[in-house]
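Biologist: I have a model open and would like to learn how to read its features. Could you take me through them step by step?

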Amino acid sequence: MSLLGKAAVAMWWSVRPEQRAEFGDWHAHEHFPERMSIPGFRRGSRWTSTEDAEGFFVLYELEQYDVLTSKGYLDRLNAPTPWSARMMPHHLGMVRSQCRVVESFGGGVATSLATIRLSPQAGREADLQAHLANTLGTLAQKPGLTGAHLLLTDTPRTSAPTTEQQIRGKDGAADWIVLLSGYDADVVEAMIASPLSPGSLGALGAQNNPTIGRYRLAFTMTPQDVTT
């Protein structure tokens, strides 16, 4: 899964069982096409947690970092459709990170994904980034895997929360994000057991207790898929 651009929006949240059917309909048939119609959006993907019955991960891949502050994007964030306004309160525990893509290895779209949210130890940022770049470049070539990426959150300075944020309430944010994708879920699992385990990451310069999520692909869309 080679990332299609130099920036991304990475999001985690939960949806209760009674809202999941409508959420899937809205997200696939209105929300993704809307986002993919914004200039600079290259691909969107939605992933369902394999550990948490209510959990989702969504990734938007953006051509450039300045898409995050573009008029096209902000206009949509500040003018949600009626259906979007109704669904936003059901995005529970939202963690939304606006990121720069600093390392990206691999190609294609896979079915299994691990996300690792971590932070560097003070003073070890450069060492950790260099070690991760080397490790992820190697992992992306392994049988069973297809992509390995490092995203660093860099939240744009904006004057006020957008309308969508106001509807949801305050969003959280990750710090550094590792994405590991593959066509073999067992291999993805083995890699987050080692060499991307909490202990291994700590030895490279990460703080304790990274947040690890495991997901399967639910839906993906690019601008070419949007009906005009």
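Modeller: Happy to! Let's begin with charges over rings: a charge sits over a ring if NZ of Lys or CZ of Arg is within 6 Å of the ring centre and within 35 degrees of the ring normal. Here the charged end of Arg117 is placed over the ring of Trp12, 4.4 Å from its centre. Likewise, Arg100 lies over the face of Tyr65, at 3.7 Å from the ring centre. A word on the source: this is a predicted model, where local features need pLDDT of at least 70 and side-chain atom pairs count only at pLDDT 80 or more, while totals for chains, interfaces and linings use all residues. Residues are numbered from 1 along each chain as its sequence is written, and side-chain values use heavy atoms, with hydrogens and water left out.

Biologist: What kind of aromatic pair do Trp12 and Phe57 form?

Modeller: A pair of aromatic rings is described by the distance of the centres and the angle of the planes. Rings of Phe, Tyr and Trp (its six-membered ring) pair if their centres lie within 6.5 Å; planes under 30 degrees apart count as stacked, over 60 as edge-to-face and the rest as tilted. By this rule the count is nine aromatic pairs. Trp12 and Phe57 make a tilted one, 4.9 Å centre to centre with 45 degrees between the planes. Trp12 belongs to strand β1 and Phe57 to strand β3, so their pair ties together parts that are 45 residues apart in sequence. (Helices, H or I of at least four residues, and strands, E of at least two, are DSSP runs numbered from the N terminus.) Ring pairs also link Phe32, Phe41, Tyr60, Tyr73 and Phe219 into a cluster.

Biologist: Are Trp12 and Phe57 buried or exposed?

Modeller: Both are buried. Buried means under 20% relative accessible area, exposed over 50%, and partly exposed in between (1.4 Å probe, protein chains only).

Biologist: How many residues does the largest nonpolar core have?

Modeller: In soluble globular proteins, nonpolar side chains tend to be buried together. A nonpolar core is a set of buried Ala, Val, Leu, Ile, Met, Phe, Trp, Tyr and Cys residues joined through side-chain atoms within 4.5 Å. The largest has 25 residues, and Trp13, Phe41, Tyr60 and Leu62 have the most contacts inside it. Two or more residues come from each of β1 (7-14), α1 (17-36), β3 (55-62) and α2 (71-77). A second, separate core of 23 residues includes Leu136, Ala140, Ala148 and Leu150.

Biologist: Which residues of helix α6 are buried?

Modeller: An α-helix has 3.6 residues a turn, so residues three or four places apart point the same way. In α6 (residues 185-193), the buried residues are Val187, Val188, Met191 and Ile192. Seen down the axis, they fall within an arc of 135 degrees (taken from the directions from the helix axis to the C-beta atoms), so they line one face of the helix. On the other side, Asp186 and Ala193 are exposed. The cover over the buried residues includes β5 (112-118), α4 (125-139) and β8 (211-221), among others, where contact means heavy atoms within 4.5 Å.

Biologist: What caps the N-terminal end of α6?

Modeller: Here we need polar contacts: pairs of N or O atoms within 3.5 Å; within protein, one must be able to donate a hydrogen and the other to accept it, and residues adjacent in sequence count only if both atoms are side-chain atoms. Asp184 is the cap, with a side-chain oxygen 2.9 Å from the backbone nitrogen of Asp186.
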